[in-house]
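Subject: Structure for you to look at

Hi there,

Please have a look at it first and then read on.

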Amino acid sequence: MVLCSEHEHKLETLFQHMKNEFDSGETNILVFSHLLRKMGKLDDAEKYYRRSLSTFSYDDSNKALCYHALGLVADDKGDYESSLICIAIIYQSKGNYNLALESYENVLTIWKEVFGEDHPHVAICLNNIKKALVIFQKHLPADHSDLASIYGSIGNIHLCLGHHNQALQYYDLSLKIYEKCHPSQHPDIAITLSNISSVYEDKNEYQQALVYLGRASDIYHDLLPSTHPNVIQLEQSIKRVSEKLK
């Protein structure tokens, strides 16, 4: 890779400085990509960043750096959804699976609103979430609270997409773990019960929704003062669902 024009020769010092930031000459493509981004050649930079990805092993720190750079390029281009996806991949590669899932969930919500749930972007995002779940299951005990959290996040995503049966399936998995590893009066249990009620409300099964709202309300009233926002919000939900039964 050679800088050949008169203008590019003036960038040789910058190129060498950036090249020295890496361990070997094998990262020349990545360095060149950085240079293109600094020059404002965003489309070219993206092309070379994506080419760089194939040269790094899964656990190479430069792979996460490359995704970070792609996120910056997307942000510079105003493509904020793609930027969020890159952030999620970085979290996942570093083992921060809860943060990765949170990012994926944000992206999925945006893409569903913009493209609809049948768009390929939505399928790609769901596939990445499932990959994160597989990694969680490999490294955590079956009754670990972090696993309950990821089940809950996946349940939220299915609820957002209107997949009621799948949402209930993952919320149930989450609830069973929380009930096993937490005291019976724990906020995580109350949140999960409230989420389950949302599925039943969405399905117009209001009586069942009230059952779960009542269980969540019992926990919140035991833990929190009546003026707490969570208690107030839950009471409003109970009132709203009760009115739908009339």
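Below are my notes on the fold, the aromatic pairs and the cavity.

Please keep in mind that this is a predicted model. The chain has 13 helices and 0 strands, so its pattern along the sequence is simply α-α-α-α-α-α-α-α-α-α-α-α-α. Of its 246 residues, 40% count as buried. The accessible surface comes to about 13,500 Å², and carbon and sulfur atoms account for 49% of that. As for contacts between residues at least 6 apart in sequence, 47% of them join residues at least 24 apart.

Next, the aromatic rings. A pair of this kind is described by the distance of the ring centres and the angle of the planes. Searching the whole structure gives 2 aromatic pairs. One of them is formed by tyrosine 151 and tyrosine 170, with 6.0 Å from centre to centre and 35° between the planes, and it is classed as tilted. This pair links distant parts of the chain, as tyrosine 151 sits in helix H9 and tyrosine 170 in helix H10 (residues 164-181), 19 residues apart. Are these two tyrosines buried or exposed? Tyrosine 151 has a relative accessibility of 9%, so it counts as buried. Tyrosine 170 is buried as well, at a relative accessible area of 16%.

The other pair brings together tyrosine 200 and tyrosine 212. Their ring centres are 5.7 Å apart and the planes meet at 15°; because planes under 30 degrees apart count as stacked, this pair is stacked. Tyrosine 200 belongs to helix H11 (residues 187-202) and tyrosine 212 to helix H12 (residues 206-223), so the pair ties together parts that lie 12 residues apart in sequence. Both tyrosine 200 and tyrosine 212 are buried.

Finally, the cavity. How many cavities of 30 Å³ or more are there? The count is 1, and the largest cavity holds about 40 Å³ of space. Its lining is made up of Leu126, Ile129, Lys130, Ile154, Ile157 and His158. Helix H8 (120-139) and helix H9 (145-160) each contribute at least two of the lining residues. By class, the lining has 4 nonpolar, 1 polar and 1 charged residues.

Best wishes

How values were computed. Residues are numbered from 1 along each chain as its sequence is written. This is a predicted model: local features need pLDDT of at least 70, side-chain atom pairs count only at pLDDT 80 or more; totals for chains, interfaces and linings use all residues. Side-chain values use heavy atoms; hydrogens and water are left out. On a 1 Å grid over the protein atoms alone, a cavity is a set of points where a 1.4 Å probe fits but cannot get out, and a pocket is an open set with protein on both sides within 12 Å along at least five of seven lines; lining residues have an atom within 4 Å of a point. Grid points are joined across faces, edges and corners, and a volume is the space filled by probe spheres set on the points. Helices (H or I, at least four residues) and strands (E, at least two) are DSSP runs, numbered from the N terminus. Ala, Val, Leu, Ile, Met, Phe, Trp, Tyr, Cys and Pro count as nonpolar, Asp, Glu, Lys and Arg as charged, and the others, Gly among them, as polar. Buried means under 20% relative accessible area, exposed over 50%, partly exposed in between (1.4 Å probe, protein chains only). Contact means heavy atoms within 4.5 Å. Accessible areas come from the Shrake-Rupley method with a 1.4 Å probe; for residues, only the protein chains shown count as cover. Rings of Phe, Tyr and Trp (its six-membered ring) pair if their centres lie within 6.5 Å; planes under 30 degrees apart count as stacked, over 60 as edge-to-face and the rest as tilted.
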